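Please read the following points alongside the sequence and the model.

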Amino acid sequence: MHSSRTVWFYPRVMDARSSMERYSPGAPPGVAPAPVGSPPPPRSRPVTSSRNDPDRSSAEPEEPEPSRPEDDPLVLDEIDRIISELSTKRGDRAAPESPPARDGSIRGDGVAYWGRDERGTAPSGFFEEHLEAARRAVGHVHETVGELQSTSEQLRQRLASVETELDRITREFQFVQERSNAPGPTVPEASTVPPWSEEDLIPPSPRQPVDSSDIFSGSFTAIRAAAADSPAPVYETFTVDRYNRTIDSLKDSRTKLVAWTLLLSAAVGIVLVLVVLYSPVVNPPVWIAALPLVWVVPIPYFLLSFRGTHRVLERNHLNLPEAK
Amino acid sequence: MRPFPTVIFQVTAIGKNVEALDASARSVLYWARNTPLLGFRYAVWVVVEPEGYVTDPSVYESLKASGVQVWVVPADYRTPLGTRGKARALQYACDLRARFGLSSSDVWVYHQDEETIVGQDTLVGIADFIERSGKLLGAGIILYPVDWTPIPTHVQEFTRSYDDLRVLDSLTMPGNPTAGFHGSHFVVRADVEDGIGWDVSGYSPAEDLTFEIRVRARFGSVFGVLKGFAYEKGAFTMREQLRQRRRWVHGILFAVRRFPNLSRRRRFTIAYSAASWFSALPSVTVLVASVFLHYGPLLYFTSFFTGFIWISMITGYVEGIRLNSTYLGSTPGYLRMFFLGIAGALVDVTAPWYALVTPTSTHDFIRKDPVRLPGRAAVSPRAAVPVSRSLRGRVPAATPASP
């Protein structure tokens, strides 16, 4: 495995024109390549400083923002910084004296001094390889940073959820406390005091020691797990809001319903009487003539039902308070 | 200091409709967890028969793991009077509460059938009732949107939702003039229920009616309106609907003929409600016969009321559909609903007479778990297996009682 230091210590003579040119798209034509076998020139400019070059930026139209992490100016700066630090550390051993920059070897994009010399040789065959490795490493770092951001976002959401639940716990606690301190059971209105007394009720059976966990052993974890397993059962849509809307709709139509019932009843009754009027007159035997009496039997029941239905809608508002 | 109330959500059933029962219990767990500031402690009890438990023990074990108390009524459990059927299981639950010291004024019991699903409104309604009503027992309106399919039995159930308004009024009036009560979706104070008990001599096909009679006889008019809906489902076949209604009729007849705690006035009102129901089939018959027979001048009198009864029955369907439609995805057109309703009504018309000619059965089982076949939604299963369960209002909402 190559280490990045080979960039500096093991210059090779090899044809790397095509690859180097790929990294020096801004090189002006006619620039002389670096001489073969010459040591790597000192870095008078950062390797990736092309984007910060004021001459370049003024001369060329502004490029769109890079989409790849390895094209990000900050990332490239960071590579420069790493390379610079590495060169400083190893300069004592391998390049105590930085070789002077060769004329014409420095190109506008800052990579040219790694290019070919006049003999057509490049100072290092490892540069491109290690630069690519560095780019990959940076890409990996970028991905990791992205993952960290995502994780921190999830963490933030979960913390918010914890805060919400704590808030609910506080409200529940206050609610339970208020209810526990409330006065005794509600007493019915004087006119509707029920004719029972507490003495009528059976005395509670002698309490036996009961393990409360035996009776109320529901574990929230288990309940939540069970609820999570089921694929959205129908009862999850049975809310207070839906109930109130249904009841409102029923109650709103009550007056109209009474009017229509009476109107249509009268209309049907009149039509039936007319039918009887225009039917041929006959004198049937008594047992046949009395048969329609069976139709009279349920009349009180239906009248009571009609009255009761509308009375319960009238007296009871039936609506529920919205669930918090 | 006022004790913080406890509500026991009690599902009492044979336990063979495990899918429905599971949803019923979990709906309580879900909304108890998701309704803040509820105002009561809660526990969920499932009281089932041994044959129900063995239908699918894994479901019951899963419910236990979720915090539900599953009680299997011992096969050798006997009440002092030897009651059978659902009343036996209900009495067993009373005994359990007494044993655990839960028969007190700060404990309430909310009764569910195995298909009774609760919503957030149900729980808030219970909290509201306990805090504000000052009554000892409250019943509310039941809708039927669960597993709804456009079949006659399900359309017929809509009328029961609207009829519940009549039931609530009657229940809260002295003497319960039109004999209304529910076997589910009612909340009662535990010491009241456990003091009254469910034990009767032998088999009571309508233990809820006998319970209401005894509570009224002992405590008077202590019934209130429970806000919030409960959500149930109808029978899947007309045959099961017929059996269900038959059991109601047997319950009414049992109360009228054999129940000792019934005052003369109360006995009369229950008998009259039954007579209204029984008059439905003769009324239809007389109507059809009128094409061939001419009844004479009596029709001037009867025609006057006939229109009212017809319109009242139609209103039951229309308003029932409107109440339930908020909770249904889509409903068929009114014409189709009309014919489905006619078919469903004919079952209700026939039921009391069918009950007269068939013996009381303790083995009626109404299937509430839909059969799901590949490529189809819920399919009506054919009832087969024994034993009865749920009990509801005694008189159907709209019985064609007059031409």
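1. A residue is called buried if 20 or more other C-beta atoms, placed from the backbone, lie within 10 Å of its own. Of the 403 residues of chain B, 63% are buried in this sense.

2. The model is predicted: local features need pLDDT of at least 70, side-chain atom pairs count only at pLDDT 80 or more, and totals for chains, interfaces and linings use all residues. Residues are numbered from 1 along each chain as its sequence is written, while chains are lettered from A and ligands numbered from 1 in the order in which they are written.

3. Chain B contains 13 helices and 12 strands, taken as DSSP runs (helices H or I, at least four residues; strands E, at least two) and numbered from the N terminus.

4. Seven strands of chain B form an open sheet with mixed pairing, in the order β3-β2-β1-β4-β8-β6-β9; strands pair if DSSP finds at least two bridges between them. Because β3 (69-72) and β9 (223-225) of chain B stand at the edges with a single partner strand each, one side of each has no neighbour in the sheet.

5. Within the sheet, β4 (residues 107-112) and β8 (residues 186-189) of chain B pair in the antiparallel sense over four bridges. B:His111 has B:Phe186 in β8(B) as its bridge partner.

6. Helix α1 (residues 18-34) of chain B packs on the sheet and touches β1 (6-13), β2 (41-48) and β4 of chain B. Touching rests on contacts, that is, C-beta atoms, placed from the backbone, within 7 Å.

Notes: Buried ≥ 20, exposed ≤ 12 C-beta atoms within 10 Å, placed from the backbone. Contact = placed C-beta atoms within 7 Å. Axes fitted to C-alpha atoms, helices over the stretch in contact; angles between N-to-C directions.
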